[in-house]
Amino acid sequence: MILFICVSFTLLLFLGMPIAVILGVTTLGCLVFFTSTPLHIITQQLFNALDNFILLAIPFFILAGSIMTRGSIAKKLIAFVNALVGWFPGGLAMAGVLACIFFAAISGSSPATVVAIGSIMIPALIKAGYDEKFSLGLITVSGSLGIVIPPSIPMILYCLVMNVSVSKIFMAGIIPGLLTGAALMAYTFFAAKKNNWRITGKASASKVLRTAKEGIWALILPVIVLGGIYSGIFTPTEAAAVSVIYALVIELFVYKEFKFSQITDVCREGAVLSACLLFILSCAMTFIWLLTAEQIPQQLADIIIQHIDSPWIFLLTVNILFLILGCFMDDVSAMLILAPIFLETLTRYGIDLIHFGVVMVLNIQMGMLTPPFGLNLFVASGITKQPLVKIARGVAPFLVIMLICLMLVTYIPWLSLALPKWLLN
């Protein structure tokens with residue numbers, strides 16, 4: 001069965017079939033050729049995979065991100081952070097990174113962050129005299145923070161397949177996300193000093209206060225969403241619903257740049273994207289059910305522990321594996337498939353599942369920035385009308401920073417586990 005899974009999966013992948021179809025066909029083939037299980041069990045497992053309250057958070061966060069992308073919340077955030085750090089060397093570029101951090105904390109989506117911030121900041125950076133390749137790369141990479149800083153859609157998917165707390169992993173993503181953002185801002189500062197990029201603003205407390213007042217409705221949304229989750233006022237799913245209502249009310253009646261006529265388009269886009277993610281998830285969960293029933297994760301754990309005697313080497317191997325898989329398939333799909341397979345191995349090594357989840361999300365972040373399946377590259381190319389190769393070249397120098405941050409989080413578990421433990425205590 002294992003040989004059949006490997007061969008069929010690889011063959012169908014290189015034939016260009018969608019990953020969800022590959023998982024479904026592989027599961028069906030295993031049931032037909034290697035078991036006597038009735039085939040109607042597949043439909044039951046597909047339904048059971050989606051019969052979970054937490055999954056409602058995914059379409060809600062997608063919808064909230066779409067509303068804010070089309071409205072003016074992103075503009076208000078950019079104006080505030082530019083007033084805050086725009087007077088530093090490289091201040092406008094640093095403001096772009098900060099804006100991505102703020103928007104990440106309210107959208108849960110990396111592509112939405114790239115669209116909302118990139119469509120405004122990339123032209124502004126180029127107009128201000130920043131190098132075009134640098135501008136394209138910085139905002140594309142910074143937008144990937146949308147899945148690291150909570151709320152995060154990939155984190156919700158990880159929690160579903162690994163049966164861990166959404167609130168805990170949301171807390172665990174804060175320090176790694178801020179660490180990555182700080183590293184990008186530090187690189188920007190020194191690049192600006194080296195290239196003598198002109199400062200586009202002056203330090204002004206009155207400007208900071210004015211932009212904060214204008215953008216207050218946007219600034220308090222992360223407090224409402226994350227504060228509500230961590231304080232126990234509402235669940236992550238309820239927080240997602242609250243973010244949709246809040247974003248809709250603010251955009252329609254306060255900022256008034258989002259129109260009632262756009263609601264249909266936003267809902268349609270959200271429905272399509274949600275359906276794609278949930279279809280992949282249901283097929284992945286059905287495939288995982290098959291592997292678990294056949295005790296394949298236990299067999300894999302035995303093999304790994306026989307050849308790898310250190311959890312640190314195992315984590316390095318997993319990182320390398322995901323970086324390679326990112327060149328052939330979507331990393332979110334890879335996580336949904338491989339994370340449950342490694343569950344037994346993680347248990348035997350004593351690796352915390354929350355820590356491993358953050359490492360997985362950071363790998364997905366890298367996968368969104370590497371061709372040929374780097375989703376953020378396609379999004380950035382779409383909003384800037386620049387060739388994909390040019391975007392990828394702009395992103396390349398920043399991948400070194402991302403890789404360093406990935407290694408730090410991988411081998412210093414405190415970075416991901418300190419905040420959950422502290423808050424829970």
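**The core and its setting**

Author: The chain has 24 helices and 0 strands, where helices (H or I, at least four residues) and strands (E, at least two) are DSSP runs numbered from the N terminus. This is a predicted model, in which local features need pLDDT of at least 70 and side-chain atom pairs count only at pLDDT 80 or more, while totals for chains, interfaces and linings use all residues. Residues are numbered from 1 along each chain as its sequence is written, and side-chain values use heavy atoms, with hydrogens and water left out.

The C-alpha atoms fill a box of roughly 70 × 50 × 45 Å along the principal axes. Of the 425 residues in the chain, 55% are buried, meaning under 20% relative accessible area with a 1.4 Å probe, protein chains only. Among contacts (heavy atoms within 4.5 Å) with a separation of 6 or more, 78% join residues 24 or more positions apart.

The largest nonpolar core holds 152 residues; such a core is a set of buried Ala, Val, Leu, Ile, Met, Phe, Trp, Tyr and Cys residues joined through side-chain atoms within 4.5 Å. Phe 103, Tyr 158, Phe 314, Met 335, Leu 336 and Phe 356 touch the most other members. Helix 6, which spans residues 91-107, gives the most to this core, with 13 residues.

For a close view, take Met 335: leaving aside residues up to four places away in sequence, Met 335 touches Pro 154, Leu 157, Tyr 158, Phe 322, Pro 340, Met 360 and Ile 364. Tyr 158, one of these partners, is itself listed with Met 335 among the core residues that touch the most other members.

How values were computed:
Buried < 20%, exposed > 50% of the residue type's maximum accessible area, 1.4 Å probe, protein only.
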